[in-house]
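This note comments on pockets and on one helix contact. Please read the points alongside the coordinates.

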Amino acid sequence: MNLTQEQMNQGRRNFLRVLAGVPAVAALGAAASIRGPVPGGPVRIAFIGVGSRGRTLLTDVDPAYAQVRALCDINPASLEKADEVLKKNSVPPAKHYADWKEMLQKEEIEGVVMAPPLWAHADLASGCLEAGKHVLCEKMMAWDEAGCERMRDAAHRNGKVLELGYQRNYNPLYQSAYEGIIKTGAIGDVFHVRAAWHRNGSWRRKGDPPSPGFDASQWGYPTFDHLLNWRLYRKYSQGLMAELCSHQINAVNWFLGCTPEAVIASGGLYRFPEGREVDDHVYATFEYPGGRTLTFSSIESNAFDDYYEMYQGTKGTLILLHESDALLFDEEASKRSTAISVSPREGGAVAQSSETMAGNRNTAGTSAAAASSAQAGPRPIRIEIQRFCSAIRTGKPVACGPDKAIASARPCIRANEAIKQKSRLLI
Amino acid sequence: MRQEAPSVSLGQQVSLVTLRTLIGWHFFYEGYVKLLHPAWSRDGQPLPAWSSAGYLKAAAGPLAPVFHAIAETPWLGAFDVTVAVLLILIGTSLLLGLFTQSGCMGALAMLSIFYLSAIPLGAAEAHAEGAYLIVNKNLIEFASVTLLLVFRTGQIAGLDDWWIGSTTGTARTERSERRRASAAT
């Protein structure tokens, strides 16, 4: 799908031109303003799981919205690194805990932001919700459907906010694309969406135990590697489908306004079979109502196609590229020009802060690129945490609550089952 | 010896009590919102804690040195709370018509301070919502409260009527009759 620089620039200009014709969304209603402010200062929160993803979230806590009171992680090294994040953000240090239950008992917190390994989501999130805490849980929602349902029930039963960390919902680029392109029908009827997340690497992380005597087995991990590389082990992870595909399904569900009904999938552990259980190549076709289809591929042997979602409509094509760039192509215009050609990938380092975050891409600093880039404003994760806090204080709904999150998790879980069974499964 | 409310028509009574209620609400809400902070706007934006520091530091006019000194004191926080509580008490007094004369006196005192801290002399201000020369909203509200004070509106409608009756033993019906008679004249 890689386009020439000229085509990229043209696509950005097209996107901006269409958006320019969309009137701004009306400001808040007058009824809200006359009711006056809602009491309460910054929300008192704690973090559970401050590994790489947890620290990405921690970095984006806005002190005007939330006060981090405590950090919980079973790995002391992660806690130390989290301290550095707080220090860098010039906010007061937070107390450390290894036991989340002890933390909930001792700390007067209102909400919990959590990014533990997937298998622990359901227990931790449900436990926090039952303890009367609001929860922002990193995606995917839970390892299995029962876990997802348990989390949703706990949130409803306790009347607490449960948000799942699909940051595309808060990405101004996605919001603009949805409001200005999808909702207005600018690209016509979309029958095919192509999503890809291609990388060239083993996904394996390297690291030493925090101390020679560190025993991860008391937490359910036979070795330190099982904790460090939990994404690679089936017991803790749903692999590429959960960590990557669920992000894109979440966005596609939003844009298409419906959820998939069936899935056909294949994949396997082809390149990195050593010390790993989850597939390193997965391919899936998700069938949506109305004859619409999402095809997804994630491979770990070639990064040429990068990651993107491409909406192919009867009048045009919308491409949302690595969460930070948007391109729009008119179907009629593309007929006149030559077919999209493949160009060499641009040089320059790709520095990803986490596997599901936009990296520091070399997007050739044209004015169109800068204008259509989501990186100009606040980062989506920052907005996500702000909205979580606002929901706690004002009751304003979050963009991705349990219902939408289950609708994103279920297809991924079923896709992994379809790979195993080598069959088409209803969702 | 207790003073009687001046003789006024029914329309005048309704107008005066309405004016008192509106001014009371203004004071009450000003204080309530200040005590509520730090707070959140309804659309989810955090609102910082209220402080009089900026207002005091910007003060001009005859009391400016006093205001500037208060802004620098370590007990500014307590001062902020006191201001908010006083606004609420005055507002409640005017809303309920209870201890109305004292409430009016308190309102006049606070409005005097607000007016003297920034007397409008016609200079254009970047963030001002209007153009004022000598007369601004504080001064108009001051004049309005003076009106409430001299007409003893707490005895027209309000808990003062009940309070005075309970302390002096004057029958409520007797006082009502007296007012009806004056309204008819």
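1. The largest pocket has a volume of about 1,300 Å³. A pocket is an open set of points on a 1 Å grid over the protein atoms alone, where a 1.4 Å probe fits, with protein on both sides within 12 Å along at least five of seven lines; lining residues have an atom within 4 Å of a point. The volume is the space filled by probe spheres set on the points, which are joined across faces, edges and corners.

2. The model is predicted: local features need pLDDT of at least 70 and side-chain atom pairs pLDDT 80 or more, while totals for chains, interfaces and linings use all residues. Residues are numbered from 1 along each chain as its sequence is written, chains are lettered from A and ligands numbered from 1 in the order written, and side-chain values use heavy atoms, without hydrogens and water.

3. Of the 41 residues lining the largest pocket, Tyr55(B), Phe114(B), Ala118(B), Asn136(B) and Asn138(B) lie nearest its centre. H4(B) gives the largest share of this lining, six residues. Helices are DSSP runs (H or I, at least four residues), numbered from the N terminus.

4. The second largest pocket holds about 950 Å³ of space. Its lining comprises 44 residues, with Asp73(A), Ile74(A), Pro116(A), Pro117(A) and Leu227(A) nearest the centre. Here H3(A) supplies the largest share, four residues.

5. H3 (residues 52-59) of chain A also packs with H13 (residues 380-394) of chain A, at an angle of about 75 degrees and with axes 8 Å apart. Axes are lines fitted to C-alpha atoms, for helices over the stretch in contact (heavy atoms within 4.5 Å), and angles run from 0 to 180 degrees between N-to-C directions. H3(A) and H13(A) are therefore roughly perpendicular (65 to 115 degrees).

Key
Helices (H or I, at least four residues) and strands (E, at least two) are DSSP runs, numbered from the N terminus. Angles under 35 degrees count as roughly parallel, over 145 as roughly antiparallel, 65 to 115 as roughly perpendicular and the rest as oblique.
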